[in-house]
Amino acid sequence: MSNQPNERVRYQGVDYSLIDSVSGLNPGAWVGVRPLACGEGELVSTSPADGLSLGRVDRPGEAACEEAIQAAANAFAIWRTVPAPVRGRVVRRIGERLREEQDALGALISLEMGKIYSEGKGEVQSMIDTCDYAAGFSRDLFGLTMASERPGHRMMEQYQPLGPIGVISSFNFPAAVWAWNAMFAAVCGDTVVWKPASAVPLTAIAVQRIAGEVLQEFDMPEGVFTLVAGGPAAGDAIVEDPRIRLISFTGSTNVGHGVAKKASGRFCRTVLELGGNNAAIVTPAMDPAVAIPALVFGAVGTTGQRCTSTRRVIVHESIFERVADAMVDAYGKLRAGHPFEQGVHYGPLVYESVCDDYQAAVQRAVGEGGKLLCGGDRLPELGPCYVAPAIVAATADMPCTQEELFGPLVYLIPYKGNVEDAIALQNGVRQGLASAIFTEDLREVETFVSAVGSDCGIANVNLGTAGAEIGAAFGGEKESGFGRELGPEGWKTYMRRQTVTVNYSGKVAMPQGVQFKL
Ligand code: NAD
């Protein structure tokens, strides 16, 4: 087995030791830094960038999942009693370790998932920012005191740790999805069982080791962070286990729907971060110097594999040709290539089979009456996972525009009339994650962000649909999901809300004037 990828990581100037050597077998299940016996078959993690093997993973079976979940339950009994600011110090230290390992972890993310190196490092930056943010509010898990209608009574609400939580993550943010959930949850006193996507197990193992080492450093229970890098069966085990009190699922709407049904069947809390079919509206009052680069990054950045990627550009008919020409021109300047190459704008898709799906989607769009303006082909000279991003001139009534295609395919859709007509097209799909408008017209801006405007969880003005910050809540509406991660008060998701009423009157008093005398 070649060890070229690891040499590549070293080539980036990194002393790389986050995973075992390529010739070693990495256990797929961990409790802190303790590997668990797995033996459910071997998975070889292969880079979509160049097809080389990055490392081997021993997949966990039922017994390893059970051990991880029980370890998380045992650790919760202790972790919930650790003062929240001390838990915050643990999280802050994880952030410091991620700073130290940013280059190495960013490189591993790029190699394993395929995003360009600056995006790999950017993903780690988002984790670091999340640690800082969570450490900050570890002194801030506050409740309220309310006025009681009864004399000599005090009412308040407080937030208690919830329990072990399950994080099931998608391949496209192989490390950050864990941090967005786990760092908040850990500060709140919860323990975390993580099931990453099968395409990216080595990144998860690397992150798990960093977090596990920090637990050791602080002499904290090893089961605060556990990992089961197995397939859907491992996900199922977490979703169905009554010890797990919240499932945070990030992935496709289809799989999320099944997860939601099972979790709600046992009254388990869920956060669902699902598929997007995001639109950007471009009105005649747009500034092209702002709009065009944002549209291109939104559609092509991360090779169109962000949940917030731009899939539909809804353009006023009077400027349709101008916008189409500008985008085709900008696409002509894009460079595909290995994520480590300087000046490359986008890397490969995650699997070769996804390239087949992508080409089929382009053909379907043309079959439904769309006009291919550019792209849509494979780029075999770069490798089997590379494609040229496509722009299709489409209409809103084409069924393909109603669905998420996870790749660099964008539909340009004309609208007639005013901004309300554009918003109606934007909202006229089943998904509701991210949206954007490009305009310098105040009336259009305010309409877009009003109650009759965008129906999405994210509404951006003069910036693209992709690229959110951790300081604000993240999540979608309709088929794009339920609940929010991050942002102010995001921590409340991971805690049990409790109303406490204290009677210090020495008398019995019922509310609402109820009489009950013995
Ligand atoms: P996916 O749905 O195929 O897989 C997501 C996760 O679910 C993986 O870990 C997978 O192994 C696991 N899984 C599969 N079957 C399962 C089952 N039966 N029970 C439990 N877990 C199971 O998604 P993907 O291809 O990894 O990611 C791409 C999708 O994720 C896109 O639709 C994208 O829009 C979405 N996504 C959404 C967000 C968001 O925040 N809304 C963020 C990133 C990705």
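How are helices α4 and α7 oriented relative to each other, and why? The structure is a predicted model, in which local features need pLDDT of at least 70 and side-chain atom pairs count only at pLDDT 80 or more, while totals for chains, interfaces and linings use all residues. Residues are numbered from 1 along each chain as its sequence is written, and side-chain values use heavy atoms, with hydrogens and water left out.

Helix α4 spans residues 102–113, and helix α7 spans residues 201–217. Helices (H or I, at least four residues) and strands (E, at least two) are DSSP runs numbered from the N terminus. The two helices pack at an angle of about 160°, with their axes 9 Å apart. Axes are lines fitted to C-alpha atoms, for helices over the stretch in contact, and angles run from 0 to 180 degrees between N-to-C directions. α4 and α7 are therefore roughly antiparallel to each other. Angles under 35 degrees count as roughly parallel, over 145 as roughly antiparallel, 65 to 115 as roughly perpendicular and the rest as oblique. In the contact (heavy atoms within 4.5 Å), L105, L108, I109 and E112 of α4 meet P201, L202, T203, A206 and V207 of α7. These residues divide into seven nonpolar, one polar and one charged. Ala, Val, Leu, Ile, Met, Phe, Trp, Tyr, Cys and Pro count as nonpolar, Asp, Glu, Lys and Arg as charged, and the others, Gly among them, as polar.

Helices α3 (residues 84–100) and α6 (residues 176–187) pack at about 150°, and their axes lie 8 Å apart. That angle makes α3 roughly antiparallel to α6. A84, R87, G88, V91 and I94 in α3 meet M183, A186 and V187 in α6. Six of the contact residues are nonpolar, one is polar and one is charged.

An open sheet is built from seven strands in the order β15-β16-β17-β14-β13-β19-β20, with mixed pairing. Two strands pair if DSSP finds at least two bridges between them. β15 (371–374) and β20 (458–461) stand at the edges with a single partner strand each, so one side of each has no neighbour in the sheet. The twist averages 25° from one strand to the next. Strands β13 (residues 278–282) and β19 (residues 434–438) run parallel and are joined by four bridges. V282 stands opposite F438 in β19.

Helix α10 (residues 288–300) packs on this sheet, touching β13, β14 (310–316), β17 (409–415) and β19. Its direction makes about 160° with that of β19. Helix α12 (residues 352–367) also packs on the sheet, where it touches β15, β16 (390–393) and β17. The direction of α12 makes about 25° with that of β17.

α10 also packs with helix α11 (residues 320–331), at about 60° and with axes 10 Å apart. These two helices are therefore oblique to each other. The residues of their contact divide into eleven nonpolar, no polar and one charged.

Strand β6 (residues 144–146) is joined to strand β7 (residues 153–161) by three bridges, and the two run antiparallel. M146 stands opposite M155 in β7. Their hairpin has six residues between the strands, and G152 takes a positive phi near 70°. β7 pairs with strand β23 (residues 495–503) in the antiparallel sense over nine bridges. There, M156 has V500 in β23 as its bridge partner.
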